Amino acid sequence: MDWINSIVQGVLLGGLYAMIAAGLSLIFGVMRLVNIAHGDLIILAAYLGLTVATALGLYPLVALLIIVPVMAAIGYVLQRVVLNNTLSDDILPPLLVTFGLSVIIQNALLEIYSADPQKMDAGALGTASANIGGISVGLLPLLMFATAVVVIAGLQFVFYRTALGRAFRAVSDNQDVAQLMGLNKRHVYGLAMALSLAVVAIAGIFLGMRTSFDPSIGGGRLIFGFEAVIIGGLGNLWGTLIGGVILGVAQNIGAQINPGWQVLAGHVVFLVILAFRPRGLFPRMTG
Amino acid sequence: MKSSQTHTVLRSSQASRRAALVGIVILIVLAAAPLWAGRADMRLMSEIFLYLALASLWNLLAGYAGLVSVGQQAFVGFGGYLLFALTIFGGLHPLLAIGVASLFGAAMSVPVAALIFRLRGAYFAIGTWVVAEVFRLTFAQISALGGGSGSSLPVKIVKSVASSRTMREWTSYWLALGLVVLVLVVVYLFLRSRKGLALTAIRDNELAAGSLGIDIWRTQFLVYVVTAGLTTMTGGLIFLQKLRISPDAAFSVNDWTAFVIFIVVIGGIGTIEGPIIGTLVYFALREFLADLGTIYLIVLGIVAILIMLKAPKGLWGLIRERWGLELFPLSHRVETNTPRKDQNG
Amino acid sequence: MGDFELSVARLEAHYGDFQALFGIDFNVSKGEVIAIIGSNGAGKSTLMRSISGLMTNGASQVVFQGEPIGDLRADEVAARGIALVPEGRQLFPSLSVEENLIIGGQIGRTGYWSLQRVYELFPILQERRHQPSTSLSGGQQQMVAIGRALMANPELLLLDEVSLGLAPVVIKSIYEALPRIVEGGMSAVIVEQDISKALSVSTRFYCLQEGRVSLEGKSGSQTREEISRAYFGV
């Protein structure tokens, strides 16, 4: 039973990883940018959520109403002011600039909030659980997983059914011709980063409600998201969900064997998949 | 009149020949540091040498071979841990252990490269980070080496380097100096070799990359393995000085990668001189701003971003543009030799 | 000079150290169809890129409807009513046929052309509208590329090598659509390597050679010999 339980918990944890991965996948798909600061932005969102929830006395999930637009705005400005200037055929500038951002965000959080771990008060939802077939499933992880499914379905809809998604795909296909269609690519890239950070905001709030966090853990979240992207297959949004679930299950099974192996087990599964299926399980796009 | 001009392709310039001479003098002065420097100065200089070694190696990897790694801490930590393991359990002399460790590091990098070379560009970067995390988490599981909390190098082993403390400190200073000279020479000779020139050509001209294909893959592979071996060696020396190791310190992304990247970016990526300038600037800034703690890192990050955006060739790039200097002659200059009048019939 | 729909003055263009255009002057009046001919590398596509904003120049080197646009970005030029059908069609492979057309119209300029009118012009596209654009034949792809440009309801249409790589019968059907396209008063600039085709549909022509205008005049007013001298520079 312990095993089934840890698998179920792993699946639900996979929802969080999928949200992290979806944000990464989105911007890579649109502008071939890998944002090294992605994980630190998640932690930033968690701290902003904590601050807003505490200051205004809001329930963390209600604070999303503020944090999502704020993070989206940060994303748009960041893209227009900084990241657009790094995009060219050379992969070095975006990599090094987002790496620099990562260090800046991490240390700014350290300066403001100290290294003490924090956690958002999830209230009754944090401890509530439902008994499904003899397995106790926490409502918060369940809600987190459901949210991940909705987020990915939403991104899928935006990408394939809306004018914004058409613009994303057009700019991704051919920047010059998209520009001829009247699309300002700098603006489109800004919108893509805004959307990515809106998803980051949701992931950050759930992360902060589920576990404690401190400024140093951003890099680890980036890695989990990245592993979910590669496992699922580049360019496949639903693939990120599968990738996240596989990673979450691997980690929980690892932890079941030996608590010290939790994160290691996830990395090992990732490396094994990289060795045998280097393009991921469900690739859609060439890197 | 028929044109009988000849062209001479030169690598060295007067500035670079003079630089070589000055370099030798500096080397002699540095080697004689025990005669003129205090204990604290020598310790600081050792640290500068070790960082310069890391920066030069990362620059070779990212700036020339296009392999942007954010996971070189894997090899730094590996070197540190191997030093401990080989001396404590293998009974090796520490210096021999560091030599052996670097071979292990190079050997270890072969399967690692086989795996992460499947990832391109930025994904390659994060892949290297995953590998470093695997190293960290694995060493944290080895209880004989202290597990998550780490361990110290036993006194007996420390003493085997040299019996007196002064002599030990001199030895580790000379080792650091020797290492940085070795690294700079390896990097310089590699870049002057045919393979190195091909890398430079590719970096400067993307079109060429496709046509050279498999050869480039082999060269990148070679660079990765050599860099891994030398980075492992540097790691061994770093922890021979620290005498204490823990997974978090050994595989720290901030200490062994973030600072190194900032050094190279600020100094000028893709030049041999860049890391040297960058290291000096980094340590100068640190002396002034170290008290600020995290603010120092934020400032460093902002400076690096601004340089990447506004002067992507770094401080050395600015200097070179201004004065056309080149201390390590890599690029070829063509001089037109106008023939003497009397030869024109 | 102010009466022209488009006027290009002393236009120069560079790719790095390489100079592609050396002081081009040319004009298009409203409703006119202009042909630009010239061999490979004469600078025709560079001229199209400069007009459409894919390459930026000095502001007054390209004047459209009396306003300098030489320094504007391509999306800003497009918003003013210039649409380019790029060489090699360059449809968006991730978009379906209909999405390719819709994205051409997303700039929001209203006018005669709509999805329905494009489908009337090229009925085959309506049948194929949900297919990926990459699944079409070359000729059909060219129709999408033209339709996509028309969806923006431009006042000046630039067609770059629309017949390149297509079978003669397909070229014929595409050129047959041209009179219907311009009958509403739209101006057009047609870049062609096929001289006789270009001259048969245009009112005036310019011949480019190595980045310079080597000959210009009314279509049909020059002898073959004069044109081939301007064309090949022999």
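Chain B contains 16 helices and 4 strands, where helices (H or I, at least four residues) and strands (E, at least two) are DSSP runs numbered from the N terminus. The model is predicted: local features need pLDDT of at least 70, side-chain atom pairs count only at pLDDT 80 or more, and totals for chains, interfaces and linings use all residues. Residues are numbered from 1 along each chain as its sequence is written, while chains are lettered from A and ligands numbered from 1 in the order in which they are written.

Of the 345 residues in chain B, 42% are buried, a term that requires 20 or more other C-beta atoms within 10 Å of the residue's own, with C-beta atoms placed from the backbone. Two residues are in contact if their C-beta atoms, placed from the backbone, lie within 7 Å. Among the contacts in chain B with a separation of 6 or more, 78% join residues 24 or more positions apart.

### Interfaces

Chains A and B share the most contacts of the 2 pairs of chains in contact. Chains B and C do not touch, and their nearest C-alpha atoms are 13 Å apart. Between chains A and B, the contact takes 34 residues from chain B and 33 residues from chain A. On the side of chain B that touches chain A, helix 6 (121-141), helix 13 (253-267) and helix 15 (294-310) of chain B each supply at least two residues; the largest share, 13 residues, comes from helix 6 of chain B.

In the other interface, 15 residues of chain A are in contact with 21 residues of chain C. Helix 7 (163-173) and helix 8 (175-180) of chain A each supply at least two residues of the side of chain A that touches chain C, and helix 7 of chain A gives the largest share, 6 residues.

### A helix pair in chain A

Helix 11 (residues 237-257) and helix 12 (residues 262-276) of chain A pack at an angle of about 135 degrees, with their axes 7 Å apart. Axes are lines fitted to C-alpha atoms, for helices over the stretch in contact, and angles run from 0 to 180 degrees between N-to-C directions. Helix 11 of chain A and helix 12 of chain A are therefore oblique to each other, given that angles under 35 degrees count as roughly parallel, over 145 as roughly antiparallel, 65 to 115 as roughly perpendicular and the rest as oblique.

Technical notes. Buried ≥ 20, exposed ≤ 12 C-beta atoms within 10 Å, placed from the backbone.
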